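This report goes through one protein model from its overall make-up to single residues. Please keep the sequence and the structure at hand while reading.

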Amino acid sequence: FGAPFGFATLDASGILESSQRFTDVSSVLNNVRLGNGASFGNGTNNSALGALTLTVVDTGDFNTAAGSTALTSNVSGNHNAGFGYNALRSCTIDELYAFGSGALQNCSSIENNAFGYHALYGTTIGVRNTGMGYKVLEQNTNGNSNSGFGASVLAALAAGSNNTGSGSQAMMNLTSGNSNTAMGSGSLTAM
């Protein structure tokens, strides 16, 4: 959809020309899309903003994607929000929230929240993780119930659960482990 080369043209009354308008059919309700390749399939209450956002969604509802390739692989997931380039790119499940380029890019498990560049980037099957900061929990793949707040907190953790780090680079080098807590910038980096 859209005008060639990204330019929109208006008709004489100042309204977007009919060939560039979005259409809604009775089975597709309350959806908004803007961007080359943005889509929402048969789902309802979805918003797609940016190139290739929500491109394969078929039955997913209540999803919001903003940023090139955000939520690209979501077919049937519900209640997801991805903001930023590649945020939730490979998301295939429900209840994921990612804000930042590459945040939760590879996730296919529920109840994860990521805020920051590459936050929870590698999470695939881990659940109930929360990361706020640059590259926080970046390598986590299957850890559960981890919380990181600050740049590079728990960045190397690949497998481990119930860890909490707060402060820039707290437990930055921990690769596996359970039930650890580190508070303060650089705390327990040798783990």
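## Overall make-up

The model discussed here is predicted. Its secondary structure comes to 0 helices and 10 strands, so that, read along the sequence, the pattern is β-β-β-β-β-β-β-β-β-β. Of the 191 residues of the protein, 42% count as buried. Among the contacts with a sequence separation of 6 or more, residues 24 or more positions apart account for 1%.

## Confidence

The protein averages a pLDDT of 86, and 85% of the residues score at least 70. Over residues 1-7, however, the pLDDT is below 50, and beyond near neighbours in sequence this stretch has 9 contacts in the model. Residues 20-27 form another stretch in which pLDDT stays under 50, and for these residues the model has 16 contacts beyond four places in sequence. Where pLDDT is low, the predicted coordinates should not be read in detail.

## A nonpolar surface patch

F83, Y97 and F99 form a nonpolar patch on the surface, and together they have about 230 Å² of accessible area. Of these residues, Y97 is found in strand 5, which covers residues 96-99. Y97 counts as partly exposed because its relative accessibility is 30%, a value that lies between the 20% limit for buried residues and the 50% limit for exposed ones.

## The loop between strands 5 and 6

S109 lies in the loop between strand 5 and strand 6, the latter strand spanning 112-115. With a relative accessibility of 6%, S109 counts as buried, because buried means under 20% relative accessible area. Which polar partners does the side chain of S109 have? The side chain of S109 makes a polar contact with the side chain of N112 at 3.3 Å, and a polar atom of the S109 side chain lies 2.3 Å from the backbone oxygen of G126.

Leaving aside residues up to four places away in sequence, S109 touches I93, L96, T123, T124, I125, G126 and V127. G126 is therefore found both in this list of contacts and as the residue whose backbone oxygen lies 2.3 Å from the serine side chain.

## The salt bridge and R128

How many salt bridges does the structure hold? The structure holds 1 salt bridge, and R128 forms a salt bridge with E111, the closest N and O atoms being 2.7 Å apart. The pair links distant parts of the chain, with R128 in the loop between strand 6 and strand 7 (130-132) and E111 in the loop between strand 5 and strand 6, 17 residues apart. Side chains of opposite charge can pair when their charged atoms come close.

Are the two partners buried, partly exposed or exposed? R128 counts as partly exposed because its relative accessibility is 47%, and E111 is also partly exposed, with a relative accessible area of 28%.

S145 is found in the loop between strand 7 and strand 8, with strand 8 covering 147-149. S145 is partly exposed, with a relative accessible area of 30%.

At 0% relative accessibility, N163 counts as buried. Which backbone atoms lie close to polar atoms of the N163 side chain? The backbone oxygen of G177 lies 2.8 Å from a polar atom of this side chain, and the backbone nitrogen of S179 lies 3.5 Å from a polar atom of the N163 side chain.

Methods. Residues are numbered from 1 along each chain as its sequence is written. This is a predicted model: local features need pLDDT of at least 70, side-chain atom pairs count only at pLDDT 80 or more; totals for chains, interfaces and linings use all residues. Side-chain values use heavy atoms; hydrogens and water are left out. Patches are made of residues with over 30% relative accessible area and no salt bridge: like charges are joined within 9 Å, nonpolar side chains (Val, Leu, Ile, Met, Phe, Trp, Tyr) within 5 Å. Accessible areas come from the Shrake-Rupley method with a 1.4 Å probe; for residues, only the protein chains shown count as cover. A salt bridge is a side-chain nitrogen of Lys or Arg within 4 Å of a carboxyl oxygen of Asp or Glu. Helices (H or I, at least four residues) and strands (E, at least two) are DSSP runs, numbered from the N terminus. Buried means under 20% relative accessible area, exposed over 50%, partly exposed in between (1.4 Å probe, protein chains only). Contact means heavy atoms within 4.5 Å. A polar contact is a pair of N or O atoms within 3.5 Å; within protein, one must be able to donate a hydrogen and the other to accept it, and residues adjacent in sequence count only if both atoms are side-chain atoms. pLDDT is the predictor's confidence in each residue, from 0 to 100.
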